[in-house]
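Okay, thanks for coming, everyone. Let me put the model up and then talk you through a few parts of it.

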Amino acid sequence: MTRTLITGGTVVTAVDTYAADLAIVDGKIAAIFAPGHAPTGTFDATIDARGKYVLPGGIDAHTHLDMPFGGTSSADDFESGTLAAAHGGTTTIVDFAIQQKGEPLRKGVDAWHAKAEGKAAIDYAFHLIMTDVNERTAAEMGQVVQEGITSFKLFMSYPGVFLVDDGQIFRAMQRAGELGALICMHAENGLPIDILVQQALAKGHTAPKYHALTRPQIAEAEGTHRAICLAEMAGAPVYMVHLSAERALKQVVEARDRGLPTYAETCPQYLFLSEDDLDRPGFEGAKYVCTPPLRPRSMQEDLWRGLKTHDLQVVSTDHCPFCMKGQKELGKDSFAKIPNGMPGIETRLYLLWDGGVRTGRISMNRFVEITSTAPAKIFGLYPHKGTIAIGADADLIVWDPLKRHTLKQSTLHMKVDYTPYEGQEVVGGPSHVLSHGRVVVQDFKYQGKKGDGRFVKRSTFSL
Ligand SMILES: [Zn+2]
């Protein structure tokens with residue numbers, strides 16, 4: 001039995017803030033003591049958390065590790081991606097496995113297990129992207145759910161690659177409703193977008209900024225509205241991934257005001273970056289190409305308001321890194337060939353603490369809720385993960401609110417040749433990151449080993 005005591009810290013959950021000592025036995029939280037009341041001499045290790053907060057480990061519900069896209073693959077695999085996540089205080093990720101068109105769901109699930117097996121530094125779970133929905137794959141969804149993969153993602157964009165039509169979306173939603181699974185929607189109307197892209201290229205508009213100009217917010221607002229209507233018809237909940245635009249948020253607000261089980265996440269890039277970044281000199285804008293695109297700066301405040309009013313429940317990363325060299329470069333002559341995605345798995349908590357908690361936009365408790373508790377509840381990881389409670393996994397962060405740190409590609413751990421936040425100083429960061437009670441990162445040093453992370457079976461949707 002391993003017994004660890006975290007002493008002298010202030011515990012912060014989604015609802016409470018209180019001074020306490022935490023006892024961890026065999027990877028789980030075993031006892032919570034009033035400060036100084038833990039029995040002395042019974043612990044193998046003690047972590048001094050004086051002056052620091054003790055938070056549930058971050059849960060990143062949207063990552064793309066080792067993912068094929070546009071003839072290349074995202075730059076982080078399960079080894080480098082989860083190691084980077086751990087450095088930034090994230091202790092569980094939910095990555096997107098992919099069903100290739102025409103193939104059984106089983107094959108997509110097996111492929112993702114093979115990518116992750118023996119490599120991860122922290123726990124991981126999977127969603128499954130479905131690229132065709134028919135009676136055969138709808139039947140297969142039941143088996144996938146039984147294996148602990150309880151959410152499915154569908155795309156309204158990327159015709160010919162990921163796009164599924166409204167009938168397929170509706171059928172998958174009905175089936176998800178029966179199974180207690182959740183449908184995650186990439187809600188952007190891809191067919192007109194593709195026409196706008198062709199028209200822009202025909203006019204010689206090839207620079208990165210046209211990525212944003214050919215994907216207007218109305219395409220996302222329409223997709224969001226349609227996804228909500230289809231889910232309402234199917235009697236099923238729906239979760240919008242990477243919501244980026246003010247008009248899309250309005251659709252979510254309206255649905256929630258009507259009492260519909262509509263959920264949505266946004267990502268740090270939409271809270272901190274804007275379409276102006278796509279217009280940086282030369283080809284630098286390519287660093288900021290992601291989908292949906294970065295929006296006008298004014299929309300950042302709309303998203304912060306959504307987080308405040310709980311119309312947005314989660315901030316995840318959509319970590320999908322591509323190097324400038326050899327990958328983003330593919331789009332030098334056409335923005336349409338720039339692989340879509342940005343690195344972010346390591347920087348989410350730094351940015352949200354510094355730009356959210358320190359600026360007073362959100363409380364510490366809300367920070368914990370949007371980065372850990374809400375994704376745990378929505379995606380069936382709660383109560384093992386997402387909070388600090390007796391019996392929960394000891395996935396914890398000791399957070400030093402005074403730690404100063406400059407975000408630089410050279411010191412971050414993601415295997416990509418840039419960070420969109422290069423040179424930005426942030427205050428607040430983890431001094432210790434624990435997974436199942438083991439210290440995996442201490443003072444920026446990795447203490448774990450590859451393969452420590454386990455696959456986590458998730459429960460069905462129960463909000
Ligand atoms: Zn994504």
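So, which elements cover the buried residues of H8? Among them are helix H7 (217-234), strand E13 (238-240), strand E14 (262-266) and helix H10 (299-308). Contact here is heavy atoms within 4.5 Å, and the elements are DSSP runs numbered from the N terminus, helices being H or I with at least four residues and strands E with at least two.

Quick housekeeping: this is a predicted model, with local features needing pLDDT of at least 70 and side-chain atom pairs pLDDT 80 or more, while totals for chains, interfaces and linings use all residues. Residues are numbered from 1 along each chain as its sequence is written, and side-chain values use heavy atoms, with hydrogens and water left out.

Back to H8. The buried ones in that helix are Glu246, Ala248, Leu249, Val252 and Ala255; buried means under 20% relative accessible area, exposed over 50%, partly exposed in between, with a 1.4 Å probe and protein chains only. H8 covers residues 246-257, and its 12 residues should span 16 Å, which agrees with the 16 Å between its end C-alpha atoms. The expected span is 1.5 Å times one less than the number of residues. After H8 comes glycine 259, with a positive phi near 85 degrees.

Now the metal. The zinc ion is held by His62 (NE2), His64 (NE2) and Asp318 (OD), at 2.0 to 2.2 Å. Donors are N, O and S atoms within 2.8 Å of the metal (3.2 Å for Na, K and Ca), and water isn't among the atoms, so sites may look incomplete. Along the chain the spacing reads H-x1-H-x253-D. Histidine 62 sits in strand E6 (residues 58-63) and aspartate 318 in the loop between strand E15 (314-315) and helix H11 (348-357), 256 residues apart. Histidine 62 is buried at 0% relative accessible area, and aspartate 318 is buried too, at 8%.

Last, the largest pocket, at about 560 Å³. A pocket is an open set of points on a 1 Å grid over the protein atoms alone, where a 1.4 Å probe fits, with protein on both sides within 12 Å along at least five of seven lines; lining residues have an atom within 4 Å of a point. Of its 26 lining residues, Phe69, Gly70, Tyr158, Val161 and Ala336 are closest to the centre. H5 gives the largest share of that lining, 5 residues.

Terms used:
Grid points are joined across faces, edges and corners, and a volume is the space filled by probe spheres set on the points.
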